[in-house]
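Please study the sequence and the structure together before reading further.

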Amino acid sequence: MSRRAKTLEWREGVLYLLDQTRLPAEVKVVECRTHQEVGEAIERMVVRGAPAIGAAAAYGVVLGAWEFAGEDEEGLWRHLEAVLERLRRTRPTAVNLFWALERMRRAALNRRGQGVQAIKEELEKEAHEIAREDVEANQRLGIHGAELVPAGSGILTHCNAGALATVDYGTALAVVREAHRQGKGIRVYADETRPFLQGARLTAWELQEDGIPVTLIVDGAAAYVMKKQLVQLVIVGADRIAANGDVANKIGTYGLAILAREHGIPFYVAAPLSTVDLRLKSGEEIPIEERSPREVTHIFDYRVAPEGVGVLNPAFDVTPNRLVTAIITDRGVVRPPYEENLRRLVGFPVLM
Ligand code: MRU
């Protein structure tokens with residue numbers, strides 16, 4: 001049993017989020033009582049990581065529904081549309097957000113005509129389902145992925161694709177957790193992941209809390225650890241996977257995939273099927289979020305770049321499918337050709 005505080009928790013009408021902007025210095029929980037508070041928490045990255053954003057947004061819809069005090073269903077529908085739209089505008093890249101919001105919209109539609117109370121209750125039930133399914137999917141994904149991990153491996157990961165990026169257990173780190181549980185004697189090399197430092201602040205903290213061996217490196221040391229044969233595989237998470245297997249993930253992932261190819265190291269992506277977006281033909285169509293220049297010019301409140309310098313701060317990049325050795329999902333490991341094999345695995349059109 002992990003000692004870690006939960007990424008998100010719903011208790012008696014309040015969404016509690018572990019504040020990921022403060023970790024590891026401070027373990028602080030933020031309370032959200034309105035959908036606006038959830039929207040702001042996603043934007044500020046109090047909660048982040050594709051599946052965690054989706055689950056938090058689902059609870060945001062529940063809070064939004066309970067904000068409506070009236071008895072007329074039409075009024076609730078108008079209010080819910082505004083709530084959904086507010087939450088859609090938080091972060092553009094991770095498809096899990098839109099997937100979860102669409103699931104919530106459909107859940108509400110299923111109760112159309114049954115009254116305000118029935119719709120509110122159905123929404124709460126659906127948010128719990130999304131959260132529960134996420135943990136189960138991650139555990140299954142971990143079991144599939146662990147088969148790809150040779151005993152004694154060094155595993156390079158980027159950003160945080162762990163319990164903190166999901167409701168629990170993680171995606172890339174689900175594979176790590178399962179391999180560790182099986183006694184494979186693995187060690188994780190965690191990229192610090194500038195500028196938000198998800199690797200240094202979150203992955204290092206989460207793995208340490210759970211007693212899994214971890215070594216922190218600066219982003220620029222990835223080629224070095226590969227050349228020195230300290231890592232035998234790379235496993236990252238994903239924010240959106242297009243139908244052809246192109247993968248959007250944290251900025252710097254594409255570079256790692258190129259380095260892995262050069263060094264003959266397998267490059268794996270671990271993600272639940274809620275991250276696959278079959279509507280998009282290729283990664284070219286994935287919207288890439290640009291975040292504030294301040295994340296680059298400052299480390300916390302300390303300015304590290306000269307005043308007035310031009311900054312480009314894309315939060316994600318797209319790794320082309322040809323550099324991806326396999327995609328580890330909750331329904332098994334998918335290998336090229338991705339177009340065909342992802343569609344076969346999903347088996348039916350992914351919601352949306
Ligand atoms: O900007 P973030 O921290 O939300 O980015 C998160 C990532 O890029 C993760 O690798 C991705 O969401 C997968 S999380 C299981």
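Predicted model: local features only at pLDDT ≥ 70, side-chain atom pairs only at ≥ 80, totals over all residues.

A residue is called buried when its relative accessible area is under 20%, exposed when that value is over 50%, and partly exposed in between. By this convention Glu-339, with a relative accessible area of 38%, is partly exposed.

The overall division of the chain comes first. The domain assignment of the protein gives domain 1 as residues 8-138 and domain 2 as residues 143-346. The centres of the two domains, taken over C-alpha atoms, are separated by 25 Å. Where they touch, domain 1 supplies 30 residues to the contact and domain 2 supplies 34 residues.

Helix α11 comprises residues 338-346, and its buried residues are Tyr-338, Asn-341, Leu-342 and Val-346. Viewed down the axis of α11, these buried residues fall within an arc of 130 degrees, so they line one face of the helix. Against what do the buried residues of α11 pack, and which strands are involved? They pack against β8 (240-242), β11 (276-277), β15 (326-329) and β16 (332-334). Just after α11, Gly-347 adopts a positive phi of about 80 degrees.

An α-helix has 3.6 residues a turn, so residues three or four places apart point the same way. Arg-343 counts as partly exposed at 42% relative accessibility, and Glu-339 is likewise partly exposed at 38%.

The side chains of Glu-129 and Arg-132 meet in a salt bridge, with a distance of 2.9 Å from N to O. Because Glu-129 and Arg-132 are three residues apart in α5, they are separated by about one helical turn. Glu-129 is partly exposed, with a relative accessible area of 27%, and Arg-132 is partly exposed as well, at 38%.

Another salt bridge joins Glu-122 to Arg-111, the closest N and O atoms being 2.9 Å apart. Glu-122 lies in helix α5 (residues 116-146), while Arg-111 lies in the loop between α4 (95-110) and α5, so the pair ties together parts that are 11 residues apart in sequence. Are the two partners buried or partly exposed? Glu-122 is buried, because its relative accessible area of 11% falls under the 20% limit. Arg-111, at 29% relative accessibility, counts as partly exposed.

Salt bridges may also be considered across the whole structure. A search of the whole structure finds 28 of them. Some are linked in a network, which includes Arg-91, Glu-289, Arg-291 and Glu-295.

Ile-299, Phe-300, Tyr-302 and Val-304 form a nonpolar patch on the surface, with about 440 Å² of accessible area together.

Technical notes
Residues numbered from 1 in each chain as written. Heavy atoms only, no water. Patch = residues over 30% accessible without salt bridge, like charges linked within 9 Å, V, L, I, M, F, W, Y side chains within 5 Å. Areas by Shrake-Rupley, 256 points an atom, 1.4 Å probe, with all protein chains shown as cover. Salt bridge = Lys/Arg side-chain N within 4 Å of Asp/Glu carboxyl O. Buried < 20%, exposed > 50% of the residue type's maximum accessible area, 1.4 Å probe, protein only. Helix = DSSP H or I, 4+ residues; strand = E, 2+ residues; numbered from the N terminus. Arc of directions from axis to C-beta. Contact = heavy atoms within 4.5 Å. Domains from an automatic or database assignment.
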